[in-house]
Amino acid sequence: MAKYSLFAGYNYYPSGGMRDFRGQFATIEQAYAAACDYNEGGEFYDWYQIVDSETWIWIRSGVPDPAALEASRIATLSRDIADISGAD
C-alpha cells in the first residue's frame, strides 16, 4: 500500500469523505503533484489534503499551486544539470 492518500475537490461541489479520494502515492511530492494536475474535467482542484495512509494523520492541505510546482521542478532540473556538468 502506498504511504500517502490524496483527497481533493471543488469548493462548490464537495463530494465529502472517501468520494473526494483521488489516489495513493509513495511520496508527499507525488501526491501534491497529482493535486496540481488537471482533473478529468480539465480544471484544477480548489483544495487538497494529503494524509498518511497508515495512521490517517493529516500531513498537508491547502490550495494547489501548479505554477509554483512547475517552478520548483524547473529549479530542480537546473540544479541537476549543473551537478552533471560540474558547473557552479
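Modeller: Let's go from the overall fold to a few side chains.

Colleague: What kind of model is this?
Modeller: It is a predicted model.

Colleague: How many helices and strands are in the chain?
Modeller: Two helices and four strands. Along the sequence they follow the pattern β-β-α-β-β-α.

Colleague: And what share of the 88 residues is buried?
Modeller: Buried residues account for 28% of them. The chain exposes about 5,800 Å². Carbon and sulfur atoms supply 56% of that area.

Colleague: What about contacts between residues at least 6 apart in sequence: what share joins residues at least 24 apart?
Modeller: That share is 49%.

Colleague: On to the rings. How many aromatic pairs are there?
Modeller: The count is four. One of them is Phe7 with Phe21, an edge-to-face pair.

Colleague: What are the distance and the angle for Phe7 and Phe21?
Modeller: The centres are 5.6 Å apart, with 65° between the planes. Over 60 degrees counts as edge-to-face, so this pair falls in that class.

Colleague: Where do Phe7 and Phe21 lie?
Modeller: Phe7 is in strand E1, residues 4-9, and Phe21 is in strand E2, residues 21-25. The pair therefore ties together parts that are 14 residues apart in sequence.

Colleague: Is Phe7 buried or exposed?
Modeller: Phe7 is buried, at 9% relative accessible area. Phe21 is partly exposed, at 29%.

Colleague: Switching topic. Which ring does the charged end of Arg60 sit over?
Modeller: The ring of Tyr32. The charged end of Arg60 is 4.2 Å from the centre of that ring.

Colleague: Now Tyr45. Where does Tyr45 lie?
Modeller: In the loop between helix H1 (28-36) and strand E3 (47-52).

Colleague: Why does Tyr45 count as buried?
Modeller: Because its relative accessibility is 8%, and buried means under 20%.

Colleague: What does the side chain of Tyr45 make a polar contact with?
Modeller: With the side chain of Arg22, at 3.4 Å.

Colleague: And how far is Tyr45 from Asn11, going by C-alpha atoms?
Modeller: The C-alpha atoms of Tyr45 and Asn11 are separated by 8.6 Å. Along the chain, Tyr45 and Asn11 are 34 residues apart.

Key
Residues numbered from 1 in each chain as written. Predicted model: local features only at pLDDT ≥ 70, side-chain atom pairs only at ≥ 80, totals over all residues. Heavy atoms only, no water. Buried < 20%, exposed > 50% of the residue type's maximum accessible area, 1.4 Å probe, protein only. Polar contact = N/O pair within 3.5 Å; in protein donor to acceptor, adjacent residues only side chain to side chain. Phe/Tyr/Trp six-rings, centres within 6.5 Å; stacked < 30°, edge-to-face > 60°. Lys NZ or Arg CZ within 6 Å of the ring centre and 35° of its normal. Contact = heavy atoms within 4.5 Å. Areas by Shrake-Rupley, 256 points an atom, 1.4 Å probe, with all protein chains shown as cover.
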